[in-house]
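Dear colleague,

I am passing on the structure below for your work, and my notes on what was found in it follow directly after.

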Amino acid sequence: MSELTDLLERFRRGPEMVAVATTGVAGSEMDFVTAPGKWSIRQIVAHLADDEIVAATRFRRVIAEERPALESFDQDAWAANLDYARRKPSQSLETLRRIRAENHDLLKELPESAFEREGVHSERGPMTLADLLRMYTAHDEAHVLQLRANRAAFKQFKAQQAAHT
């Protein structure tokens with residue numbers, strides 16, 4: 001299996017990894033934060049959905065345009081102003097799944113040479129389509145670890161609460 005084939009498969013599986021990591025989350029666990037300024041499970045899933053929308057635009061611009069500018073965005077402003085703390089996780093996950101499926105369908109049909117096409121990210125500089133694919137795949141995987149860590153911290157918090165009652 002080529003690196004690109006493996007990467008595309010990891011990219012395709014991202015939303016399902018998020019779904020597995022959040023299976024059974026309900027109530028106060030959904031909004032538990034490990035520390036001030038950290039995101040809850042609800043906020044992480046909302047962020048992943050919105051970031052996939054950004055990815056869709058970036059992928060298409062790099063495929064269709066010559067060295068397009070790829071603007072960064074302020075994820076904390078998005079979290080605050082797009083009300084991640086109140087978004088419905090089931091809708092966020094569905095958005096992530098749907099747009100990821102469309103992005104994957106687009107990317108998997110491209111010739112390998114297309115993954116050498118380049119855009120210029122406002123913070124990271126020149127990035128190929130393959131670089132973007134790597135970035136979004138790693139982004140999912142990092143957030144899945146964060147989701148698992150949030151769940152473990154919540155479980156520990158509840159155990160400590162129970163021990164003190």
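**Fold and findings**

From the N terminus on, the protein chain runs through its elements in the order α-α-α-β-α-α-β-β-α, which comes to 6 helices and 3 strands, where helices (H or I, at least four residues) and strands (E, at least two) are DSSP runs numbered from the N terminus. Please keep in mind that this is a predicted model, in which local features need pLDDT of at least 70 and side-chain atom pairs count only at pLDDT 80 or more, while totals for chains, interfaces and linings use all residues. Residues are numbered from 1 along each chain as its sequence is written, and side-chain values use heavy atoms, with hydrogens and water left out.

The C-alpha trace spans about 60 × 35 × 25 Å along its principal axes, and of the 165 residues 42% count as buried, meaning under 20% relative accessible area with a 1.4 Å probe, protein chains only. Among contacts (heavy atoms within 4.5 Å) between residues at least 6 apart in sequence, 77% join residues at least 24 apart.

Helix H3, residues 41-64, has 24 residues and reaches 35 Å from its first C-alpha to its last, close to the 34 Å expected, that expectation being 1.5 Å times one less than the number of residues. H3 is mostly covered, with 18 of its 24 residues buried.

Gln-43 lies in this helix, H3, and counts as buried because its relative accessible area is 14%. Leaving aside residues up to four places away in sequence, Gln-43 touches Val-33, Lys-38, Tyr-84 and Ala-85.

Best regards

Terms used: Buried < 20%, exposed > 50% of the residue type's maximum accessible area, 1.4 Å probe, protein only.
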